[in-house]
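Good morning, everyone, and thank you for making the time. Before I say anything, please take a moment to look at the sequence and the model on the screen.

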Amino acid sequence: MALDLYRIDDRLIHGQVVVGWGQPLDLGFIVLVDDEVASSDWEQELYRMGVPPDMDVYFDAVDSAAEKLSRYQDDDRRGLLLTGDIATMTRLVDAADGAISSVNVGGIHHRPGRTQRLRYVFLTPSEEAELRALADKGLEVSAQDVPSAKPVPLEEMLAGNGS
Amino acid sequence: MSSARAIVAGHGTFAEGMLSAIEQITGRSDLFIGVTNRDLSAADVEQLMRDRLVTSGATVIFTDLPAGSCTMAARRIQREQPTLSVVTGVNLATLLDFAFHAEAGDVDAVEHAADKGRASLVVSGGPGGKGGPRGP
């Protein structure tokens, strides 16, 4: 499968993704799934500027990402799919109808109403429920900010207090 | 307003380290304000940078990595403030040169500093290296 990682990260394309994961995975492309970014040329240009010229970035709304998912998965190159929040990943998982089997929580940062679970993961009660719902659908859900870190399974993540 | 002319923003303690080196070499770390993106969301990085620009009056943002969230935030601010200069991929030579030329006007100082930073990257020795003790 060409898509190595389905990542939730509220920074979307940034150093950890392009360099931290991009170099060890030898990523050839990133699929950024976000309805707002997909409808804004300026936002797309902003993210494209941060990516090296030998790495492609594809911008999709949730529906178009689901339609193209098998094509991305069959790509000869290695790829990473990104959403900025859990709700978008959940919509994609549902639209993809079983084609996604694991989700990486890469970075969800502080916001009022969220509780810190890991150094880089803060969640509201409803977001925690959304992650549990993904696991209930049979997906492997874990947190891992960089490749050298140990993946943290969902229940361990939700039991965390930020330390 | 402070005496700061530029923000230095990056991952981890990048800015802190750069400012420490600038202070050791020139004694002019007061020209810079450091910002880290550590443990912050993209929105919070942008807000922090906006706050620092307002309180300092700085007109230049130096960032460490083209793909970094600090760079993304700086470019978002630049969209609203086109006179703001954003320089990505900075190194110590870039910042030292800016420190020495800040009085020349920020635009000229930025161009000069970027040229200096690019020129400071040199490979010596090594299997295909040129110059240096093991070079041709």
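This is a predicted model: local features need pLDDT of at least 70, side-chain atom pairs count only at pLDDT 80 or more; totals for chains, interfaces and linings use all residues.

Let me begin with chain B, where buried residues make up 43% of the 136 residues; a residue is called buried if 20 or more other C-beta atoms lie within 10 Å of its own, exposed if 12 or fewer, and partly exposed in between, with the C-beta atoms placed from the backbone. Residues are numbered from 1 along each chain as its sequence is written, and chains are lettered from A and ligands numbered from 1 in the order in which they are written.

Staying with chain B, its secondary structure comes to 5 helices and 4 strands, where helices (H or I, at least four residues) and strands (E, at least two) are DSSP runs numbered from the N terminus. Read from the N terminus on, these elements of chain B run β-α-β-α-β-α-β-α-α. The C-alpha trace of chain B spans about 50 × 30 × 25 Å along its principal axes. If we call two residues in contact when their C-beta atoms, placed from the backbone, lie within 7 Å, then among contacts in chain B between residues at least 6 apart in sequence, 61% join residues at least 24 apart.

Let me turn to where the two chains meet. The contact takes 16 residues from chain A and 14 residues from chain B. On the side of chain A that touches chain B, the elements giving two or more residues are helix H1 (15-25) and helix H3 (41-49) of chain A, and the largest share, 3 residues, comes from H1(A).

Now to the sheet of chain A. In what order do the 7 strands of this open sheet lie? The order is E3-E2-E4-E1-E5-E8-E9 in chain A, with mixed pairing, and two strands pair if DSSP finds at least two bridges between them. The edge strands are E3 (56-60) and E9 (152-153) of chain A, each pairing on one side only. Strand E2 (residues 27-33) of chain A runs parallel to E3(A), joined by 5 bridges, and here A:Ile30 has A:Val57 as its bridge partner. E2(A) is also joined to E4(A), in parallel, by 6 bridges, with A:Val31 standing opposite A:Leu81. Strand E1 (residues 3-9) of chain A pairs with E4(A) in the parallel sense over 5 bridges, and A:Tyr6 likewise stands opposite A:Leu81 in E4(A). Strand E4 (residues 78-83) of chain A is mostly covered, with 5 of its 6 residues buried.

Finally, helix H4 (residues 62-73) of chain A. In H4(A), A:Val62, A:Ala65, A:Ala66 and A:Leu69 are buried. Seen down the axis of H4(A), the buried residues fall within an arc of 100°, so they line one face of the helix; the arc is that of the directions from the helix axis to the C-beta atoms. These buried residues pack against E2, helix H2 (35-38), E3 and helix H5 (86-96) of chain A, whereas the face of H4(A) turned away from the buried side carries the exposed residues A:Ser70 and A:Arg71.
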